[in-house]
Amino acid sequence: MPNVSVQEAISQALTEEMRRDPRVLIFGEGVATKRYDMVKEFGAQRVRNTPLAEGIIAGTAAGAAATGLRPVVDLLFSPFLCFAMEEIVNSAGKLRYISGGQFSFPMVAMALTGAGWGVGAQHNQNNEAWFVHSPGLKVVMPSTPADFKGLLKAAIRDENPVLFFTDIALAFESGEIPAGGEIVPLGKAAVRREGTDVTLISYAKTVHSCMKAAERLAEREISAQVIDLRTLKPLDEETILNAARKTGRIIVVHEASRMCGVGAEVASIVAEKAFASLKAPVKRLTGPDAPAPASFPLEQAFVPQPDAIVEAAVQLVEYGQTVAVRNLPDVAVAK
Amino acid sequence: MDRQRVRTGTDETQAATPAALLETMMLIRAYELKLPEIGIKMVCTSVGQEASAAGVVHALAAEDLILTNHRSAGHLIARGADPGRMLAEVMGKSTGYCKGKSGTLHISVKDLGIVLTSTIVGGELSLAPGVALSQQQLERPGIVACFFGDGAATEGVFHESLNLAAKWNLPILYICENNQWQAYVHRRETMLTDHISTWAAKYGIESLTVDGNDVTAVHAAARVAADKVRTARKPFFLETYTFRMHGHMEADDLSYVDREELAAWAAKDPIQRQTERIVREGLLSAEDVAQMETRVRSTIESAVAFAGSSPYPELSELTTEIYA
Ligand SMILES: Cc1ncc(C[n+]2csc(CCOP(=O)(O)OP(=O)(O)O)c2C)c(N)n1
Ligand SMILES: [Mg+2]
């Protein structure tokens, strides 16, 4: 299996989908300049630079999607999505429903986000939960090159508007991608590591923190399962609940802030539907409710790190030993 | 109620008859006046602006696509939308064009090429370039007509839209219905210019301002404008200068509107003007006009009966058609 970077995985997905379907096109600020090889292959009509105007870029994508094209737009950094919020949320997300199903909006809006480059708060905000909270949208945030490629291909083929977030810190990471470009379906989480004592649920760069934490936990004879959500909407409830029923201990880890974040939703799902399986309260490790700092040590402190995950996992495993909790039998899953 | 007024591509150079323009305006007026009469007051009507809708929409071809704003009933009716299904939509009935999920403010009719009624002021302007991009990229002959108000022209996305359409040579006919009001704010309070067409010129878009209360003038200008967009495959900006004779919505009593300004515009009522012209020129007799009025009234009565007797959507519809 070839080893490719996330950047390259994204390029492969775009190129393969544009070869497959002439309705796919891509535009944004600097897209044609940065992807000149694609301009050469597909022509200036399908790979376009745009004026510096995120609202009209997203609106144009929505209008084109409603009438026969399948646009991908690159909106650069996630805080810039604020300028495109109206078009994404009010138009792309709502107009299918409002029209009684007459129109659909097959489009992808891409943005970079996350700590790692010290770009500071106006280039970095993990605002993915805003879109999760808006009807009619799908939200994807991969962690591996293979998923970047497979999920982007799936997003382009999807009939709905998809927000596709690239964690800045992963952009130049490399990994294996199955030859032939396998599609990764939207809405399916991946179990990255099997384990029995505790489940670490995450997405994007913190999946890798969870993997490191799981290794260290193994040294202490704690078996940690790691789940990569990959798609935040639709959320793979089944995989989350199976994990809760299997290990009874859940830690959700993400860089986005805690309040009303994806972790809050995961914790609620587990509390509502697998309460009886829990051996300890669900724990969230998240970034603080603060603008993202630029200074390297502060930025690193912003992100949940493996040590903190290890500590939280140990606490959860010890929880039953220090606090009296009633362990109800799990009727849902006999394991 | 089969009122398909959409013209086919073959007769696109043909002008609508003065009588057809009059009847369309009458139907729009009758439909909109019926709404408050039957207790629907949370609705934005285009009373006094019918010439803009009739004159422009009759200049479009069947393959053209339309985007419009919250004051869209005139555009829909002129395009041949069934007033019964429109009213059903306004009432939230399942027989409405959007199955009751739109209400008055967002009616789209895919079969008639009406892609969007946006009630986000400027939403129509933000989607129009993409719709035109589809026409361009998929090599479809149709153009895109985008209706919006003078208020929308003060939104940032108006400027983004015009600039992109000009640069990308997008086949958009922008129609700014400058009705002097932006909800409860007079246009004068929001801009230094009287004519938004002057802004379009700065983006390199050919533009024209027309008396929006003269349907003959609007229709002639719109035919020229649509033809330019169709052949040159680039945008054109048509400003129909008119006045909103009713409140922002029907529930609004206009108490804040200057009486003299209102009276001056009332004297320019487009339906009265067209009726007088047609009778004066001998195109129709007073009796023909009376017959037209009767026909329109009966269309609206059937619409009311249809919408009134239509069922509400099943509650299971609440969460359908969110995702494709
Ligand atoms: C983004 C947005 N801001 C404000 C409103 C509230 N609003 C609805 S219509 C309107 C006035 C629009 O004026 P104009 O564009 O001139 O259209 P007109 O109503 O005169 O036809 C306002 C302020 C809205 N619907 N959307
Ligand atoms: Mg106005």
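1. Start with the largest pocket: 29 residues line it, and A:A129, A:S257, A:M259, A:C260 and A:G261 lie nearest its centre. Its volume is about 580 Å³. For the record, a pocket here is an open set of points on a 1 Å grid over the protein atoms alone, where a 1.4 Å probe fits, with protein on both sides within 12 Å along at least five of seven lines; a lining residue has an atom within 4 Å of a point. The volume is the space filled by probe spheres set on the points, which are joined across faces, edges and corners.

2. Before going further: this is a predicted model, with local features needing pLDDT of at least 70 and side-chain atom pairs counting only at pLDDT 80 or more, while totals for chains, interfaces and linings use all residues. Residues are numbered from 1 along each chain as its sequence is written, chains are lettered from A and ligands numbered from 1 in the order in which they are written, and side-chain values use heavy atoms, without hydrogens and water.

3. What builds the lining? Helix α7 (128-132), strand β13 and helix α11 of chain A each give two or more residues to the lining of the largest pocket, and α11(A) gives the most, with five. Helices (H or I, at least four residues) and strands (E, at least two) are DSSP runs, numbered from the N terminus. By type, the lining divides into 17 nonpolar, eight polar and four charged residues; Ala, Val, Leu, Ile, Met, Phe, Trp, Tyr, Cys and Pro count as nonpolar, Asp, Glu, Lys and Arg as charged, and the others, Gly among them, as polar.

4. Why does the pocket lie between the domains? Domain 1 (3-176) and domain 2 (190-325) of chain A both give residues to its lining, so it lies between them. Those bounds come from an automatic or database domain assignment. The two C-alpha centres are 28 Å apart, and 29 residues of domain 1 of chain A are in contact (heavy atoms within 4.5 Å) with 23 residues of domain 2 of chain A.

5. Now the sheet that holds β13. It is open, with five strands in the order β9-β11-β10-β13-β14 (chain A) and mixed pairing; strands pair if DSSP finds at least two bridges between them. Strands β9 (190-193) and β14 (283-287) of chain A stand at the edges with a single partner each, so one side of each has no neighbour in the sheet. From one strand to the next, the twist averages 25°. Strand β13 (residues 250-257) of chain A runs parallel to β14(A), joined by five bridges, with A:V253 opposite A:L285. Helix α11 (residues 262-273) of chain A packs on this sheet, touching β10 (198-202), β13 and β14, and its direction makes about 155° with that of β13(A). Axes are lines fitted to C-alpha atoms, for helices over the stretch in contact, and angles run from 0 to 180 degrees between N-to-C directions.

6. There is also an open sheet of seven strands, ordered β3-β2-β4-β5-β7-β6-β12 (chain A), again with mixed pairing. Its edge strands, β3 (47-49) and β12 (231-233) of chain A, pair on one side only, and the twist averages 20° from one strand to the next. Within it, β5 (residues 108-113) and β7 (residues 162-167) of chain A pair in the parallel sense over six bridges; A:A109 has A:L163 as its bridge partner in β7(A).

7. A:R230, in the loop between β11 (224-228) and β12 of chain A, has phi near 65°, a positive value in a residue other than glycine. The peptide bond from A:K233 to A:P234 is cis, with omega near -5°, and A:P234 sits in the loop between β12 and α10 (237-247) of chain A.
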